[in-house]
Amino acid sequence: MKKREYKTKGRRMIWQYLIEEKDHAVSISDIEQFLIENQEHVNLSTIYRYLDKLVMDHKVLKYQQEDGKKAVFQYVEEDRCHQHLHMQCVKCGRMIHLNCSFMDEISDHMMEHHHFRLQCQNSILYGICESCERAEK
């Protein structure tokens, strides 16, 4: 028998926020702030449990932030993020999908020359996006 999933207003709001922010990785505190701004009280442990469920269901990816101290989460469209690397702007937090044939070349090279299979799903390259680079100049 399939376990019944409860769809509370808080969970619906978290899910909608993740979809709206699909080009950004968001932290627990970002989600909590969004809920507060929308007058929806959700216990912090509930947010963690719901995100863990979404990660296990492959609907959300979980990344360690560059400093390795906190996790961030990103909504995943069907099979969108499992076979390529991601790039994240350290200024604005925007997540860019590196989904091009160049990735196949890198993966093939790593296997052939280094005997290492690249796991792209949770891999991030950090840098500065074009918009933030222009803003700096």
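This is a predicted model: local features need pLDDT of at least 70, side-chain atom pairs count only at pLDDT 80 or more; totals for chains, interfaces and linings use all residues.
**Entry 1**

I started with the open sheet of 3 strands, whose order is E1-E3-E2 with antiparallel pairing. Strand E1 (26-27) and strand E2 (60-64) stand at the edges with a single partner strand each, so each has one side left without a neighbour in the sheet. I then went through the pairing of E2 with strand E3 (residues 71-75): the two run antiparallel and are joined by 5 bridges. Within that pair, I found Lys62 opposite Phe73 in E3. What packs on this sheet? Helix H1 (residues 9-20) does, touching E1, E2 and E3. I noted the angle too: the direction of H1 makes about 80° with that of E3.

**Entry 1: helix H3**

Next I checked the length of helix H3 (residues 44-56). With 13 residues at 1.5 Å a residue, H3 should span 18 Å, and its end C-alpha atoms are 19 Å apart, which agrees. Which residues of H3 are buried? I listed Ile47, Tyr50, Leu51 and Leu54. They cover an arc of only 100° around the axis, which puts them on the same side of H3.

I followed the buried residues of H3 to their partners and got H1, helix H2 (28-37), E2 and E3. On the face of H3 turned away from its buried side I found the exposed residues Arg49 and Met56. Just after H3, I marked His58 for its positive phi of about 60°.

Last, I turned to strand E4 (residues 85-89). Is E4 largely enclosed or largely open? Of its 5 residues, 4 are buried, so E4 is largely enclosed by the rest of the structure.

I looked up two pairings for E4. With strand E5 (residues 95-98), E4 runs antiparallel over 4 bridges, and Leu85 stands opposite Leu98 in E5. E4 and E5 form a hairpin with 5 residues between them. In the turn, Gly93 has a positive phi of about 85°. With strand E6 (residues 124-127), E4 pairs in the parallel sense, and 4 bridges hold that pairing. There, Cys89 stands opposite Gly127 in E6.

Technical notes. Residues are numbered from 1 along each chain as its sequence is written. Side-chain values use heavy atoms; hydrogens and water are left out. Buried means under 20% relative accessible area, exposed over 50%, partly exposed in between (1.4 Å probe, protein chains only). Two strands pair if DSSP finds at least two bridges between them. Contact means heavy atoms within 4.5 Å. Axes are lines fitted to C-alpha atoms, for helices over the stretch in contact, and angles run from 0 to 180 degrees between N-to-C directions. The expected span of a helix is 1.5 Å times one less than its number of residues. The arc is that of the directions from the helix axis to the C-beta atoms.
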